Amino acid sequence: MARQAPTFSIGIEEEYLLVDRDSLALREAPDEMMEACRAELEGQVSPEYLQCQIEIGTRVCANVTEARDDLKRLRASVAKNAKDYGLAPIAASCHPFASWKDQHHVNKDRYNDLRRDLAGVVRRMLICGMHVHVGIPDPDTRIDLVNQLSYFLPHLLALSASSPFWQGEDTGLASYRLTVFDNLPRTGLPPQLGSWSEYERSVQALVDIGVIEDSSKIWWDLRPSARFPTIEARICDVQPRLEDTLSLAALIQCLTRMLWRLKAKNQRWRLYDNFLVGENRWRAQRYGVSGGLIDFGQGEIVEFDALLEEMIELTAEDAQFLGCQAEVEHARTILSGGVAADRQRAVFQDSIQAEKPKEEALRDVVRHLVDSFHEGL
């Protein structure tokens, strides 16, 4: 009997930092601003762990076109309400010069528990990410596709890298965010699991012991969602520009459908040990798109432009079916213009060459991020 195809619906979650429009330093979100956002966006906006953060989530969208409309509305609302209080949102995974030591967490039970349980590790969580959900109703299919999609996580990280600076220093990494996030427990690449029941047993073992309350405390780079019948890709740095977010979401949606097509024909993507995929994850974290990734089939490092063309070719049928060819092909524009980390470094270097002090050059990076957030709104 032919398998019924999933809908491959998508949803996007993004976390933003709030900066003072004059000093460009981080500022806490006023309660009145959060209330104004909630009034406009109802259940699609919430505080994040730190008071200088805000999180949004789209509705369940049938395609990227719907996601664009909803995400544009969400970004515009946050920007408008922030402006009323002298603030501006930025969508970068680390603030270029802020110190985590100066930040305070939101006084909610969930976050108070995190502060208690994770101690000094969670205090450093001055980072933002983006999550993309793809609708896969069958639980065992979700597990099977998580196993296969993990291979492409380094590719997605490399293309999304937006966090080169940390506390006023260029870290030399394209995604410093993961360096911070990986200090938490239950993070990193997902283990290869044989079935949904195996996953449930593993989660339940930790719940029964009292280590976690539920699977929402499992923070792998890719996981079966704790709340929805979806695969949730969590590997990406958040994107300064709206169109780059949509391009990554379209790639994730199309890669998922491509792997499902293989499964429907009793085929699959070759599984590699996390030890090997983790090496590519590190290369993406360190170099972004500039260092290439290992093609384990060829047994060599391949330049990222060739890897991107391969992904576009692999998912061409899926992009056409899902109506997101333009968004998938926009990844070429990201690559040619430099990923977000590269663009931030370029702004910083231009300011230094203009003989601006380092502190002002870092503020120029934040100005660039503010401008990027407002593109297309």
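Colleague: How much space lies in the largest pocket?

Modeller: About 1200 Å³. Please keep in mind that this is a predicted model.

Colleague: Which residues lie nearest its centre?

Modeller: Those are Glu13, Glu48, Glu55, His131 and Arg227, out of 47 residues that line the largest pocket.

Colleague: How does the lining of the largest pocket divide by class?

Modeller: It has 20 nonpolar, 15 polar and 12 charged residues.

Colleague: Turning to the second largest pocket, what is its volume?

Modeller: The second largest pocket has about 180 Å³.

Colleague: Which helix gives the most to its lining?

Modeller: Helix α1 (residues 31–41), with 4 residues. The residues lining this pocket include Asp31, Met34, Glu35 and Arg38, and also Pro47 and Val106. By class, the lining comprises 5 nonpolar, 2 polar and 4 charged residues.

Colleague: How many cavities of 30 Å³ or more does the structure hold?

Modeller: There is 1. The volume of the largest cavity is about 70 Å³.

Colleague: What lines the largest cavity?

Modeller: Its lining includes Asn147, Gln148, Tyr151, Arg270, Tyr272 and Asn274. The elements giving two or more residues to that lining are α4 (139–149) and α9 (274–287).

Colleague: And the classes there?

Modeller: The lining of the largest cavity has 6 nonpolar, 5 polar and 1 charged residues.

Terms used. Residues numbered from 1 in each chain as written. Predicted model: local features only at pLDDT ≥ 70, side-chain atom pairs only at ≥ 80, totals over all residues. Heavy atoms only, no water. 1 Å grid on protein atoms, 1.4 Å probe; cavity = no way out; pocket = protein on both sides within 12 Å on 5 of 7 lines; lining within 4 Å. Points joined across faces, edges and corners; volume = space filled by probe spheres on them. Nonpolar A, V, L, I, M, F, W, Y, C, P; charged D, E, K, R; others polar.
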